[in-house]
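Me: I would like to learn how to read the interfaces in a model such as this one, both within a chain and between chains. Could we go through them feature by feature?

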Amino acid sequence: MSTVLEFFLGGEPQRVEGVEPTTTLLDYLRDDRALTGTKEGCNEGDCGACTVLLGQYDPLGEAVTYRAVNACITLLPAVHRFWVVTVEDLSNGLDSLHPVQEAMVRRHGSQCGFCTPGFVMSLAAMHLDNAPADQAESYIAGNLCRCTGYGPILEAAKDSVAAPKDPAFAAKEHQAVAWFRSLSIDTGLFYDVAQATYDAPVGLKALLQARKDNPEAVLVAGTTELGLWLNKDLQDFPKLISTTRVPEMTAVAFQPDGTLVIGGGATYEQAWPLLRQVIPEGQDWFERFASKQIRQQATIGGNIVNASPIGDGPPVFLALNASVELASVSGTRVLPLSEFFVGYKTTALAADEILTAIHVPPRENDQLFAALKVSKRKDQDISAVMAVFSWRLSEGCFRDVRIAFGGMSATPMLAAFTNAVLEGAPVTEETAQQALASLDDDFSPIDDLRATAWYRMTVSQNLLQQALAEAVETAAEAAA
Amino acid sequence: MGIVEKFSTGASVRRLEDERFVTGQGQYTDDVNIDGQVYMVVVRSPFAHAIIKSINTDDVKDADGVLGVYTGADFVAAGGANKMPYAIVGQESAKPDRTILADGRVRFAGEPVAIIVAETQAQAEEASELIDVDYDILDAVTDIESAIAPDAPLVHDDAPGNIAFRWRGQGDDAQMEQILSEAETVVEMRLENNRVIVVAMEPRAAVAHMDGDKLTVITSTQGGWALKDRLSACLGLEKENVRVVTPDVGGGFGMKAFTYPEQYLAPFAAIQLGRPVKWLAGRGESMLSDNMGRDHISNAKLALDKDHRITGIDIHSYAGMGAYFSQFAQGIPTMLQEKILPGVYDIPASRFRVDGVFTNSTQIDAYRGAGRPEGIYLLERLMDVAAKHVGMDPIEFRSLNFIRPEQMPYKTAVGLTYDVGEFEKLMRAALVKADYDGLAKRQAASAAKGLRRDMGLCYYVECTLGAPHEDSTFTFNPTGQLEVTVGTQSNGQGHETVYAQVVHEQTGVPIEDIVIVQGDTDRIKNGGGTGGSRSLIAQAIAMRAAARALIEKAQDHAAEKLECAPEDLSFDDGAFRVSGTDISLDLKTLAGGLPQGTLDVEAGHDDYTSTFPNGCHIAEVEVDEETGVVTLENYVVVDDFGLLYNPLVVQGQVHGGIVQGLGQALMERTVYDETGQLLTGSFMDYTVPRADTISDIDFTHMGVKSLNNEMGIKGCGEAGTVGACAAVMNAIQRALDPLDVGFVDMPATPDRLWRQIRAAS
């Protein structure tokens, strides 16, 4: 087990001790290393000025894969055994620009320049991913610019897609690969500085033991929420346990019976390629889930355990009839997700338990699925209402009805009364009216900054009305 | 594109600063670190209105790493003048002190109460939680209408009714009353201009240090000279002992034009402690304490004769000030807004009155355009309202009332003289670009999808502003580069590039050998700073004068080198040429052969006068009446900026300015709760445009050379923001008019539109 942080930065292997484990990657880069190209614009993962890439080596594919992350809410110990790529790494000085930098200059994608390194890194991620040009907007959805109006940056993104791989960057990647290959086998990290610990065990068993031994510790993965508690609430976290080094926790796979098992530590981006096979209709929901930077750090398990009433993930999994696998050293239990949320930000998770997986059962061929997010803007916004509809139409009746909402109550919740009204009922206008009326029995939403209770209820009813109207129409067509 | 004179003018030269910016080599204030620096945190009032009964700092002093804690009383006891400056413009005005640190009473949530300095940022932040301030909470009022209601809580005891000031501009009451009574039609409109948070991507910051008797403050500004003078007065230092350095600036938009308490407090702490002191605003702190913009409620009347010609315009506005007068807060809704109120129309008479209003909220000051976007927004909405009222097409109504080219120079009702302008021509060009003729067809296609589609137009005129004086010095440095000092301050506008183009054009010195030196009050004696779209005009006049001085000074030396009489030399195409021969000598070569400093020159002028950029914005929108969602389908702008130096940079200014305007029009809404807490204090809750907000902007330049400066140019930095709000709001209003939704105010959020649509149906 390593007690020292090892990572690759600036063309050199790094060994770090003595830096507090709750130090963010951004503070480390700017304050400890004077790498000031990475900027602090908001310190809460909203603006993307601090975007850096984390490179990870895949020994099977013999390739480095990259993800863009917000350095401001990434803890330094989380980069253990990664290559941290900053804007300073993209070119060899002012005279040899990387293709995305060249495109930004040519298209006048930079004005004041403050947000520019973050955009450059997001575009670099797109370039390295060989992403198609039409994904440009998605790649920069997590970056804010107040000067350019974005048009020139989108143009630059499109230009750089066609650009060849940069030889100077390839050489740096080559160095990084040599370093990756020189690493000994990962036996986990126990990083302890000044009475603060960051424990990142490698096996599930070790993780569960650590959880049992340290019930007061906070379990972390992407720290997209904890980063805010640190930076904005100035909270102390003397003991952290990370799930990110546990392979079982990050696995995403279909079981022979068609159940999709998503490891409790898998990020949204890691899970999506397979989850998309279950819910291809969810593409829009996925793209509107925070930003690329956040989706590459935030885990589905964390999103569920956090139990926020307005999380965009939980209503989807409620409607998919997902279960959660809760494990401790004494055993494993599987609980329907609907029973997991107990109250406002409280769950059925015991002090020694960890959410190790989410089980998404196979979907019936004729099962409707729709995930509809209502928020003030499209990109990177918190929902006022998150509505998810799932049902089958069989012999003129609603079957397997699972309607779930976020933003409508203290927890993400199934609309139990409404689901009961619809279950087995004929697909008619009259049933639809009854279902709409019953939403009032299910939910008493609150007024807050994002929406009034009245708005939330009305918009929820409208969304449901539209979905039911389509169902009635479909049923009528089927009958005719 | 436009008028192109010499090869370096009108060329889209790549920006010289970009290579620095895209590689992360930009140096912003927070990127500067000085050995031994310590960190300052500002303790701010959590309440919008309260009496401070006592402040106990004992626990703070004992906290780990704390070096100092200072309240307003401490600041005064140490000799600091606890007062922020402001200009009075109103004929009647309250005169409340705005202190640097609170003096017994706080009037907005976020007002600075004390500072804490510690060895680390974390220690300073932790210590800030230990300060014990005993507040006696008072009722607060945060919006204009509540503030002027009878029995509203008073923000300042000496401002009854919360009226901060009363101002009236030009125009005669009796004449206006007569015009209104004799008019065939009087159209009335009430309009709100929503309060916006400026949001520069680089938060405000300062690093201050003392070296002997000399104070250096590194801070993000739009020109550091005013701060230098005020620091000297506030902290009792000799002016020559104060140096303000402005490194790269991550956006200003007017918000960084004026001084802030922290720019006095960090230097104060550095002096007290003998250590370099760094301060960086967190994002939430920026949103809470940066000067905000706009916040007006206006009632306007437009008088028309029987032919629908405008005979007069009469406006009364309430202008929110926030809790205190910021430095130029009074001037913006009054004298600056008035300048362009008649717009591009032949309006014989105007009356304009403004009442400033105090509320328990963050102070208001300049935001991109400062008064002119507000004025054009009001006028161009009023033009559409009037056209509708009299049953005219808004295009033809504008056309009927345009000032004609043959009327130029034209003196407006508010006393400005427009030099040139071809408004009809530009509007028609914009309509062609926007395919006005195809609108009906597109509307039908949208209607088939259940969507309402329409087009909105705004014809804006800008009046560029700012100090008339500017200087420039030229020095060939030992490496042969020409260093050019400037008194303006780039915040991202690309000055380094465009100024180099100007100097290159005049001197022939290659662009790569020109170094623009800005943002250092020790190297540059005076500067008017950047604001009001003045920079290129004011600075280019100075640089061109310096270039002429350089050539004149160089001529004798060149003659000596070339062994000819000075009068045999001409300066053409970047070099001295001996007439009748092919012998030439360029300035760089000449300077390289002369003792250092031989060719140093300095020039200044007071010749900058306003220019009148103008143009036509056309927005086309689709509105979903079921959801209230607006999508921008097309945006066309045809601008007249006279002659262009760098079309690439100009287009960037226009594009960015328009998106800022669209942000205000479509989404940006600043919300305080009833106790005065800012609810929209983060990027989650305050919606600035993101990459999905905007479609392409179709920009065309049709320049009419300005007669008000020797270059023929007009300022372009604010124009996009000036024109955008009205264009998109007129489009939305037209799309919804058939539903009789009433007047639609900004921001046209889906929520607001949906409510208005429901209320109407």
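This is a predicted model: local features need pLDDT of at least 70, side-chain atom pairs count only at pLDDT 80 or more; totals for chains, interfaces and linings use all residues.

Reply: Across the interface of domain 1 and domain 2 of chain A, four residue pairs are in polar contact, both residues being at pLDDT 80 or more; a polar contact is a pair of N or O atoms within 3.5 Å, where within protein one must be able to donate a hydrogen and the other to accept it, and residues adjacent in sequence count only if both atoms are side-chain atoms. Strand 3 (51-58), strand 4 (63-70) and helix 6 (167-182) of chain A each supply at least two residues of the domain 1 side, and strand 3 of chain A gives the largest share, three residues (helices, H or I of at least four residues, and strands, E of at least two, are DSSP runs numbered from the N terminus).

Me: Which salt bridge joins domain 1 and domain 2 of chain A?

Reply: A salt bridge is a side-chain nitrogen of Lys or Arg within 4 Å of a carboxyl oxygen of Asp or Glu. The rule finds one across this interface, and Lys165(A) forms a salt bridge with Glu173(A), their closest N and O atoms being 3.3 Å apart.

Me: How is the area buried between chain A and chain B to be read?

Reply: The size of an interface is often given as the accessible area lost when the parts come together. Here about 5100 Å² is buried between chain A and chain B, with carbon and sulfur atoms giving 57% (accessible area, 1.4 Å probe, that two parts lose on being put together, summed over both). In chain A, His108(A), Arg146(A) and Arg377(A) lose the most area to chain B, together 17% of what that side buries.

Me: How many residues are in contact between the two chains, and how many salt bridges are found?

Reply: With contact meaning heavy atoms within 4.5 Å, 64 residues of chain A are in contact with 58 residues of chain B. Five salt bridges are found across this interface; Asp31(B) forms a salt bridge with Arg30(A), with the closest N and O atoms 2.7 Å apart.

Conventions:
Residues are numbered from 1 along each chain as its sequence is written. Chains are lettered from A and ligands numbered from 1 in the order in which they are written. Side-chain values use heavy atoms; hydrogens and water are left out.
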